[in-house]
Every structure is written in structure tokens, then in C-alpha cells.
Amino acid sequence: MTVRIKFCGLTDPADVPAAILAGAGYLGFVFYAPSPRHLDLATAAALSQAVPPGIARVALTVNADDATLDALTDAVGLDMLQLHGRETPERVAALRDRCGLPVMKAVGVATRDDLAALDAFEAVADQILVDAKPPKGADLPGGNGIAFDWRLIAGRSWRKPWMLAGGLTPGNVAEALRLTGARQVDVSSGIETAPGVKSGDLMRAFADAANAAQPAGAAG
Ligand SMILES: O=C(O)c1ccccc1N[C@@H]1O[C@H](COP(=O)(O)O)[C@@H](O)[C@H]1O
């Protein structure tokens, strides 16, 4: 099964070729100061320049204001915005216009009640990212290495392209794909040896496991 993979939170110049070698379709750069993966604009611009055409460069932001986003989009070559905060559907639509980039909106899921937000954002975003809701008191709204109960979205699909995220690892991604039917996955902590430190070996192991997964509904 061919799966499109987003490796998120790259921090080191060596992460870019490692992610490409592993077969990434999207590379994520984090712009959120509390994160161990946060990049300044100059570092991000250098990483972005090393990405060949055909691989989407995604900027992850959290409740960023217009000035911050303007500075970001002026300084860094980007192909998509990932909004990972409390942005409303109206804000998502406004930023899509303002930044002139496709927007992927992250929605945190812990219980069935959280699923309604996915329908609201599907109407305004170009993609939706189905992530685990952060635990109470967490410093980060994502990137916590925590999975949600994938059975909550088993058999679900949306009209827009969507990605599964939250606590994915080389060891569990095949099961996550099998249960949810996702065709795109996003991973950060699960390909790290320490917070913010990516591993080429883990990226390759993750991609191998994802691509070897059996589609949902397949026998066995
Ligand atoms: O990765 C981060 O540091 C981060 C910070 C703030 C919001 C989201 C963040 N990462 C995103 O969270 C999910 C799940 O990550 P993980 O695989 O569980 O570590 C993923 O979409 C990352 O892009």
C-alpha cells in the first residue's frame, strides 16, 4: 500500500536528505517557541531551500497572528500551512486567502464528541489532520507522542484529503493504517531519538512499516 508520509519537526540540515531518502511526501517545519522543534526563520529558510520540487514544505503554526505569518511566508519557501491551535473555521478561511497557501487544519481527538469539529473544518481547509488531543496540562498542543483510540474513526472518510497523526511509530503505524483506512500519516516524536532529534534509521523504519501495511478490510 502506498502511503503519503509527513515527517514533521525537522531541525537539522541532515534531516532533509534523510527524510527524502526515506520517501517523505511532506516535510514539516515547526514555528512554535515552546516546542523543542521550533525553528527560527533563517534556519527554516535554509532547510526549505534544500527541499526539491515535488515534496511539500509545511509550516506548522499555533494561533499565530497575521504579522507572524506574514514574516514567515516572506522569509521561508512554503507549500502548505498547518494550523495546530485553536483557529476557528473563519480564521482558517481567512489565512488561506491571506497567505495564498493550502491550509491543513489539525483537530485533536480523544472522544467521539471531538469528531464534529472535523466536519466543520473540512468545509474550509484543504486538508484535515486528525491528531490526538493533548493531555490536560501538556506544554504542546501536538507532538506529544500520544495516540488516540483509532477505532473512533474506523471506516470514516472525509471529502477532503486527510492525515492521521498522534503517537505514530514504526511499531504501530501499520495497525493504525489498517484500522483507520488512512492513506496519509504524520509523525514527529516517533522518528526521534530525543525531543527534536530526528533519526534517519527511524524514518526509514517508519516508511517501510507504513508501505508494507495491509489496507483496511484486507484479509489477514
Ligand atoms: O511537533 C511539535 O513540536 C508540535 C508542536 C505543536 C503542535 C504540533 C506539533 N506536532 C504535530 O503533532 C502531531 C503529532 O505528533 P507526534 O507524532 O505525536 O509527536 C503531528 O501532526 C505533528 O505535526
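# Close-up views of a predicted model

**View 1. Leu-164, a buried residue of the predicted model.** Leu-164 is buried, because 27 other C-beta atoms lie within 10 Å. The model is predicted. Leu-164 has its place in strand β7. Leaving aside residues up to four places away in sequence, Leu-164 touches Val-130, Ala-176, Thr-180, Ala-182 and Val-185. Val-185 is 21 residues from Leu-164 along the chain, yet their C-alpha atoms are separated by 4.8 Å. Val-130 is the bridge partner of Leu-164.

**View 2. Strand β8 and its parallel partners.** Which residues cover the two faces of β8? On one side are Gln-184 and Asp-186, on the other Val-185 and Val-187, and all are buried. In a regular strand, side chains alternate between the two faces of the sheet. Strand β1, residues 4–8, pairs with β8 in the parallel sense over four bridges. Here Ile-5 stands opposite Val-185 of β8. Strand β7, residues 162–165, also runs parallel to β8, and two bridges join them. In this pair Ala-165 stands opposite Asp-186 of β8. Between β7 and β8 the chain passes through helix α6, residues 173–180, and this β-α-β crossover is right-handed.

**View 3. Strand β6, enclosed on its way through the structure.** Six of the six residues of β6 are buried, so the rest of the structure largely encloses this strand. Strand β5, residues 103–109, runs parallel to β6, with six bridges joining the two. Val-109 stands opposite Ala-132 of β6. From β5 the chain crosses through helix α5, residues 116–122, to reach β6, and this β-α-β crossover is right-handed. Strand β7 runs parallel to β6 as well, joined by three bridges. Val-130 has Leu-164 in β7 as its bridge partner.

**View 4. The shell around the ligand.** How many residues surround the ligand? There are 27, and the closest are Cys-8, Ser-35, Gly-142, Gly-143 and Ser-189. The elements giving two or more residues to this shell are β2 (26–31), β6 (127–132) and β8 (184–187). Sorted by class, the shell has 11 nonpolar, 13 polar and three charged residues. In β6, six of the six residues are buried. In β8, Gln-184, Val-185, Asp-186 and Val-187 are all buried.

**View 5. Helix α1 and the face it buries.** Helix α1 spans residues 15–22, and its buried residues are Asp-15, Val-16, Ala-18, Ala-19 and Ala-22. Seen down the helix axis, the buried residues of α1 fall within an arc of 165°, so they line one face of the helix. What covers them? The cover includes strands β1, β2 and β10 (197–198), along with helices α2 (41–49) and α7 (200–211).

View 6. Ala-46 lies in helix α2. Helix α2 is among the elements covering the buried residues of α1. Is Ala-46 buried or partly exposed? Ala-46 counts as partly exposed, because it has 13 C-beta neighbours inside 10 Å. Ala-46 and Trp-162 are 116 residues apart in sequence, and their C-alpha atoms are 28 Å apart in space.

**View 7. Asn-63, with a positive phi.** Asn-63 lies in the loop between β3 (56–61) and α3 (66–75). What is the phi of Asn-63? The value is near 50°, which is positive in a residue other than glycine. Most residues other than glycine have a negative phi. Asn-63 counts as partly exposed, because it has 13 C-beta neighbours inside 10 Å.

**View 8. Arg-86, an exposed loop residue.** Where is Arg-86 found? Its place is the loop between β4 (80–83) and α4 (89–99). Arg-86 counts as exposed, because it has 9 C-beta neighbours inside 10 Å. Val-107 is 21 residues from Arg-86 along the chain, and their C-alpha atoms are separated by 9.0 Å.

Methods: Residues are numbered from 1 along each chain as its sequence is written. This is a predicted model: local features need pLDDT of at least 70, side-chain atom pairs count only at pLDDT 80 or more; totals for chains, interfaces and linings use all residues. A residue is near a molecule or strand if its C-beta atom, placed from the backbone, lies within 6 Å of it. Ala, Val, Leu, Ile, Met, Phe, Trp, Tyr, Cys and Pro count as nonpolar, Asp, Glu, Lys and Arg as charged, and the others, Gly among them, as polar. A residue is buried if 20 or more other C-beta atoms lie within 10 Å of its own, exposed if 12 or fewer, and partly exposed in between; C-beta atoms are placed from the backbone. Two strands pair if DSSP finds at least two bridges between them. A crossover is right-handed if, with the strands pointing away from the viewer, the path from the first strand over the helix to the second runs clockwise. The arc is that of the directions from the helix axis to the C-beta atoms. Two residues are in contact if their C-beta atoms, placed from the backbone, lie within 7 Å.
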